[in-house]
Number of protein chains: 2
Amino acid sequence: MEQLSRLAGTVRPGGRTARVRASVLDATQDELVEHGFHGLTMDQVAAKAGVGKTTVYRRWKSTAGLVADLMNELANQSMPHADTGGVEADLLANALSVMEALNDDRLGATFQAVIAAATCDEQAEQALRAFYLRRIEEWAIVVDLAVKRGELPEGTNANEVIRAISAPLYYRFVVTREPVTLAVAEASVARTLAAARAGAFVTTPD
Amino acid sequence: MEQLSRLAGTVRPGGRTARVRASVLDATQDELVEHGFHGLTMDQVAAKAGVGKTTVYRRWKSTAGLVADLMNELANQSMPHADTGGVEADLLANALSVMEALNDDRLGATFQAVIAAATCDEQAEQALRAFYLRRIEEWAIVVDLAVKRGELPEGTNANEVIRAISAPLYYRFVVTREPVTLAVAEASVARTLAAARAGAFVTTPD
């Protein structure tokens with residue numbers, strides 16, 4: 001799974017400040033899942049987290065600030081890149097982690113809510129972009145390793161390969177609203193790899 | 001462009017009922033673009049369209065009903081599939097029509113709003129899915145023609161090829177929130193074609 005479905009904050013070390021943050025982000029995710037971004041309020045998050053309202057307002061400023069910090073934390077807890085020794089298995093691990101995250105009730109609803117929020121709130125948009133750029137960078141390593149091993153052509157754009165693995169899954173998840181199945185994940189890997197092997201991801205350096 | 005940016009309803013024949021519908025759908029799109037789905041109200045659409053509220057409530061029932069009919073009309077007015085005689089040029093025409101629609105201020109904002117609406121409203125979700133399945137079916141014809149001409153392998157799944165052309169564009173548009181450039185559209189065609197030529201879109205019949 002791309003990241004833990006429920007934030008693991010309550011068991012992590014770090015004292016009161018870290019515990020407050022974990023409670024607030026967990027409550028933010030609960031509220032997002034239940035009511036969406038338009039139904040998210042600072043007061044309800046504070047109440048659910050058992051934290052004073054002034055603390056929440058002072059530290060996170062706005063509901064968009066809560067969403068940004070939640071996405072930051074989800075990125076921190078997301079699965080690091082695989083390293084199986086083979087590009088096909090590594091990319092399949094990537095596709096499966098995305099598929100499982102989207103199909104997880106809580107995480108899937110979180111992504112839906114933040115994707116919706118990003119269409120009308122600039123801070124949410126930046127948080128969403130930052131989350132995915134971090135995930136892409138993390139997994140791009142498997143493509144660079146494949147190039148070093150001679151499995152993919154020199155000059156293959158690693159970030160673009162990782163975007164291409166995710167794109168068909170998200171296209172179904174948020175655009176055509178079709179199921180993101182194992183067959184979809186496997187096909188994405190097979191098609192992306194076929195194109196990459198044919199040199200279609202070789203780009204001139206930026 | 002995938003479809004006209006502004007609905008062409010006011011110049012189309014069809015009498016009063018058709019004119020009322022065109023005005024109401026145009027007002028619906030205006031309001032969606034300006035306020036998003038959460039800011040869309042039946043009363044404001046009626047006022048902007050210059051149509052009685054009871055007419056709007058009777059005919060469209062809800063704001064989701066307005067959005068569903070708008071998407072239906074946008075699909076009606078969307079660009080039919082290309083037929084250049086070559087698969088690469090046909091698929092590029094498809095990618096460019098998607099790119100231009102997403103980058104059109106009014107249409108792009110309409111898609112953003114409906115994609116956001118679909119995350120929290122089942123009727124909007126169905127309308128969105130129906131729109132894209134119609135667009136995919138329309139353009140899948142170019143892939144079937146390419147198979148007949150021997151440009152792509154027998155058994156190539158035409159709908160999947162068309163999904164694959166759009167997916168990287170929408171992934172940037174709604175997920176990573178990155179620009180959908182000409183380079184992105186061209187790369188999508190090149191990569192999808194490379195995979196299709198390698199047989200990666202050949203599927204067993206459903």
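Biologist: What do the side chains of A:Arg172 and B:Glu160 meet in?

Modeller: In this predicted model, the side chains of A:Arg172 and B:Glu160 form a salt bridge with an N to O distance of 2.4 Å. A salt bridge here is a side-chain nitrogen of Lys or Arg within 4 Å of a carboxyl oxygen of Asp or Glu. The pair crosses between chains, from helix α8 (residues 158-176) of chain A to helix α8 of chain B. Helices are DSSP runs (H or I, at least four residues), numbered from the N terminus.

Biologist: Is A:Arg172 buried or exposed?

Modeller: A:Arg172 counts as buried, at 6% relative accessibility, and B:Glu160 is buried too, at 13%. Buried means under 20% relative accessible area, exposed over 50%, and partly exposed in between (1.4 Å probe, protein chains only).

Biologist: Which residue of chain A forms a salt bridge with B:Glu160 at 2.8 Å?

Modeller: That residue is A:Arg191, the closest N and O atoms being 2.8 Å apart. A:Arg191 lies in helix α9 (residues 182-197) of chain A and is buried, with a relative accessible area of 12%.

Biologist: How many salt bridges are there between chain B and chain A?

Modeller: The count between the two chains is eight. Another salt bridge joins A:Glu178 and B:Arg163, at 2.6 Å from N to O.

Biologist: What area do chain B and chain A bury between them?

Modeller: They bury about 3000 Å², 61% of it on carbon and sulfur atoms. Buried area is the accessible area (1.4 Å probe) that two parts lose on being put together, summed over both. In chain B, B:Tyr171, B:Arg177 and B:Arg191 lose the most area to chain A, together 25% of what that side buries. The contact takes 33 residues from chain B and 33 residues from chain A, where contact means heavy atoms within 4.5 Å.

Biologist: Changing topic, which residue pairs with A:Lys48 in a salt bridge?

Modeller: A:Glu34 does, with the closest N and O atoms 3.8 Å apart. The two residues are 14 residues apart, A:Glu34 in helix α1 (residues 15-35) and A:Lys48 in helix α2 (residues 42-49) of chain A. A:Glu34 is exposed at 54% relative accessibility, whereas A:Lys48 is partly exposed at 40%.

Biologist: What conventions apply?

Modeller: Residues are numbered from 1 along each chain as its sequence is written, and chains are lettered from A and ligands numbered from 1 in the order in which they are written. Local features need pLDDT of at least 70, side-chain atom pairs count only at pLDDT 80 or more, and totals for chains, interfaces and linings use all residues, while side-chain values use heavy atoms, with hydrogens and water left out.
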